[in-house]
Amino acid sequence: MTKISFTINGKQVSTDVEGRTLLVDLIRDELRLTGTHVGCDTSQCGCCTIELNGDMVKSCAMLAAQADGATITTIEGLAKGDVLHPVQQAFTECHGLQCGFCTPGMIMASVGILKANPNPSDDDIVKGLEGNLCRCTGYVNIIKSVKRAAELMKA
Amino acid sequence: MQPSRREDLRLIQGQGRYAADWNLPGQLYAAVLRSPHAAARIRAIDTAAALAAPGVKAVLTCADVERAGYKSIAGGIATKDRSGQPMKKPFYPVLARDHVAHVGQAVAFVVADSTLAAQDAVELIAVDYEELTSVVTFADAVAPGAPRVHDEIEGNVAFVHEHGDAAATDAAFARARHVTKLTVDSQRLVCNPMEPRACLASYDAAAGRFTLHAPSQGLIGARSHIEQITGLSAKSVDLIVEDVGGSFGIRGTPYPEYFLAMLAAKELGRPVKWVGSRADTFLSDYHGRALSLTGEVALDEAGNFLAFRWSDTIDLGAYAGPFGAFIGTQNISITSHGVYKVPAVHVRSVLAYTNTTPISAYRGAGRPDIAYAIERLVDQAAHEHGFDPVALRQRNFIAPAQMPYKTATGPIYDSGDFPAVFAHALAAADHAGFSGRRAQSAARGRLRGIGFASYLEAAAAGVFNKDQTAARVGSDGVITIHCMAGGSGQGHETTFVGVFAATLGVPAATVQYRASDPAYDRLVGNGTGGSRTAAGQGSAFKALALALIEKATPLAAARLGTEAVTYAAGTFSGGGRSITLTELARALPPDADGNHPLDCNAETSSPATYPNGCHVAEVEIDPETGVAEVVRYTAVDDLGNVLQPVLVEGQVHGGVVQGVGQVFGEHAVYDRESGQFLTASFMDYPMPRAGWLKGSFTRESHPVPTATNLMGAKGVGESGCSGSLPALMNALMDAVRPAGVADLQMPVTPGVLWRTLNDAARKAA
């Protein structure tokens, strides 16, 4: 067991983890932040995307022990109180989600895209979402949502 | 701008509750041992080492399942052939008994203190397998002397289905001027909802009741399967389902792990949670499609269709899945005419078992496949016999004046205007401008093609002949409405509350929605499937609102002191006074049992509908790389009345891109020698990604409302698949035919296109 400490959604957490525990399992099973989802076992689907030290990472592809000292934001920590993050706002406005299972990861990945590039083209968005799978929307409204979020963030 | 849907606020903030998100105090964790072999006899299973491993509480095998009295997993819709012979169905055990019949079949179920302990213990189970030769394709399964998937089924043929008039069809072919024959495959797919399956079962020994959290498409269907298989009374199982991460047909019935978790929870006296991985999804969720359809069309001199003849082969997988036998029989027969006048039709399907994961319904369940086969066949006939593909379709469409139209095989199309939908689509797709666009593409060294697909579906039929709904009125005036369908992304909460509130004329905020709430198990109704909820449950909610007004009117009259009461926009008026429905609800006290005087129920019966449309695709191929891009896509659909345009458009997007996935990449591939499943992960199985449909997407409605249900809706869920497979494949064929390519089969990957184009060029040289 390894003792680790990190900040998640503004809260300080200290816990003991087994060396083999994945970060996503710690987030879901121990911290019970179940908004971060697990959609695959090969780091392809992106449902588990979180922000870690300013980067968007797939939390299934990291050991929990590697998060020692990190600052993490998950989907639960994105809104400011009752005010949705512009990307969340855009996803609901543009009907960018159906079943919602990929959505937390899609939203986190989109936040990352817009952080790196506030004016993404369709191609930039498509490239930025390469690591996120959705089975419901055909991505049409997801791409629309990211563009709408870019507008909202400028406003 | 406003949120699109009521369900969004929780889902975009990580507050959804999917099956794996539930936890109970004291819960144990399960893992499944799956067969590594496609075909093997099980000589012995030694669980001693696993049982002795740290944290392990139980290891269930077939012996435990038999001790519990569990029966065969249901083989779906009962089917008899024309001579009255039932389909041959092998016993489908919850855990493998004496043999395994596909890679991934569940063999043992380990329950432990943690998931990791359970997974570790799975590896300690020693199964003595005697490997057997497997068959993983239909052709290999029915070949003379083929190994048997199940000892008791010689030749591996489960069923031979026939539909229509063979003699009339033969006679039409005998007098035909032109005949075209074409075989198309609709390859085996993995349905892959984004949520892997999961469940959490608990047992209340004092009450004798189970609680089960698992993905579902509706309570009644799921519970009837649980009852059939476990022998438990359906009423003793509370199935709790809040959010479901996609289902597409394959999550309509429960899976072995759910029964096993229930058994373990009862025996161990603690809740048992199982969370499947994506590998579990690939190996053990029912697969989709796996049909090969050979169509023949007979035409007269002018191009009138005289007959269609279908000869189809259906790969069922290793067992009869819940809807496995329905797809390649009834469901492809119902719409084997498509949108055309065809005086004679005959369908013959042979269904066979193979050593692969069983198939079940996947978005359309045979309807996209037959729509694809029809529209490929029509294009092929036009090409072979010198007809214009547009004119050939126009000549043969059923005319609106012929509605209701009784097809040669029985179904009656109630409504539709196929020629107008087609004309609408050609205009929306700028068909007239295509030759110019093709020339521009050619100038850039690209091959461009256009494809049309006039599809028709038979939707909304359902399993039960009625859908019931209930309204429960709170003393705060908030009305909670219930039905038995289960959503998985369709936006039922938004749609049904919308129907109910609009019919009542009250703000949607005063209405709450509950799906498949076990507390309302008196209700009967269909699950979500067959594109039916807008027509079925939508109608039942409209009826519910009307019933509520009827029930409230005399009570309002009593309050207002007059018989002459009218109701409009949420308010009763009469005698110069008025009272709102909400005020009335608040004013009326509940009875001794807590029932409100305005509580009411409704039911409707909504028959099959015939959604149809025309999709037009344009593709551009780079012959240097074989990469094809969808550069324009137009969908004009007659879905009847559209209840929520934004949501309906989302359904079309999703359906079309699932078609894009099937056309350009998805394929569940098994190794012919070993029977191993070669594309069983997202690294090997290409899921459609953002950008697979990047060109302009135009979607327009051409509603011809049906009179057969209260909403006038025909349904949307599966139409995107039915339109896109043929439109895209016809576009690809149109692009490569001039280069000398005679045929393409899905999936048309860049490698396939590149090789096909190069082979054609070599032949021409």
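**A sheet and its surroundings**

Tutor: Strand 2 (residues 40-46) of chain B pairs with strand 6 of chain B in the antiparallel sense, over 6 bridges. Keep in mind that this is a predicted model. One of the paired positions can be named: B:Asp46 has B:Ala126, in strand 6 of chain B, as its bridge partner. The sheet is open and has 3 strands, in the order 4-2-6 (chain B), with antiparallel pairing. Strand 4 (99-100) and strand 6 (126-131) of chain B are the edge strands; each has a single partner strand, so one side of each lacks a neighbour in the sheet. As background, the strands of a sheet pair through backbone hydrogen bonds, either parallel or antiparallel.

Now place this in the chain. Chain B is divided into domain 1 (8-132 + 197-275), domain 2 (287-460 + 608-764) and domain 3 (467-604). The centres of domain 2 and domain 3 of chain B are 40 Å apart, taken over C-alpha atoms. Their contact takes 19 residues from domain 2 of chain B and 18 residues from domain 3 of chain B. On the domain 2 side of that contact in chain B, 10 residues are nonpolar, 6 polar and 3 charged.

The largest nonpolar core has 296 residues. B:Ala30, B:Val110, B:Ala261, B:Ala264, B:Phe500, B:Leu544 and B:Leu728 touch the most other members. Helix 19 (residues 719-736) of chain B gives this core its largest share, 10 residues. Take B:Leu544 as a case. Leaving out residues up to four places away in sequence, B:Leu544 touches B:Thr469, B:Ala471, B:Ile481, B:Phe500, B:Cys600 and B:Ala602.

Helix 18 (residues 645-664) of chain B is mostly covered, with 18 of its 20 residues buried. Its length can be checked. At 1.5 Å a residue, the 20 residues of helix 18 of chain B should span 28 Å, and the end C-alpha atoms are 28 Å apart, which agrees.

The loops hold some backbone details. B:Phe248 is not a glycine, yet its phi is positive, near 60°. It sits in the loop between strand 12 (237-240) and helix 8 (256-268) of chain B. B:Phe248 has 30 other C-beta atoms within 10 Å, so it is buried. B:Ala290 also has a positive phi, about 70°, without being a glycine. Its loop runs between strand 14 (287-288) and strand 15 (291-299) of chain B. B:Ala290 counts as buried because it has 28 C-beta neighbours inside 10 Å.

One runs from B:Met403 to B:Pro404, with omega near -5°. B:Pro404 lies in the loop between helix 12 (389-396) and strand 18 (405-406) of chain B. Another joins B:Met746 and B:Pro747, with omega about -5°. B:Pro747 is in the loop between helix 19 and helix 20 (750-764) of chain B.

Last, the partner chain. In all, 44 residues of chain A are in contact with 43 residues of chain B. Helix 2 (86-93), helix 3 (103-116), helix 4 (122-128) and helix 5 (140-154) of chain A each supply at least two residues of the chain A side. That side has 22 nonpolar, 16 polar and 6 charged residues.

Definitions and conventions: Residues are numbered from 1 along each chain as its sequence is written. Chains are lettered from A and ligands numbered from 1 in the order in which they are written. This is a predicted model: local features need pLDDT of at least 70, side-chain atom pairs count only at pLDDT 80 or more; totals for chains, interfaces and linings use all residues. Domain bounds come from an automatic or database domain assignment. Two residues are in contact if their C-beta atoms, placed from the backbone, lie within 7 Å. Ala, Val, Leu, Ile, Met, Phe, Trp, Tyr, Cys and Pro count as nonpolar, Asp, Glu, Lys and Arg as charged, and the others, Gly among them, as polar. Helices (H or I, at least four residues) and strands (E, at least two) are DSSP runs, numbered from the N terminus. A nonpolar core is a set of buried Ala, Val, Leu, Ile, Met, Phe, Trp, Tyr and Cys residues joined through C-beta atoms within 7 Å. A residue is buried if 20 or more other C-beta atoms lie within 10 Å of its own, exposed if 12 or fewer, and partly exposed in between; C-beta atoms are placed from the backbone. Two strands pair if DSSP finds at least two bridges between them. The expected span of a helix is 1.5 Å times one less than its number of residues.
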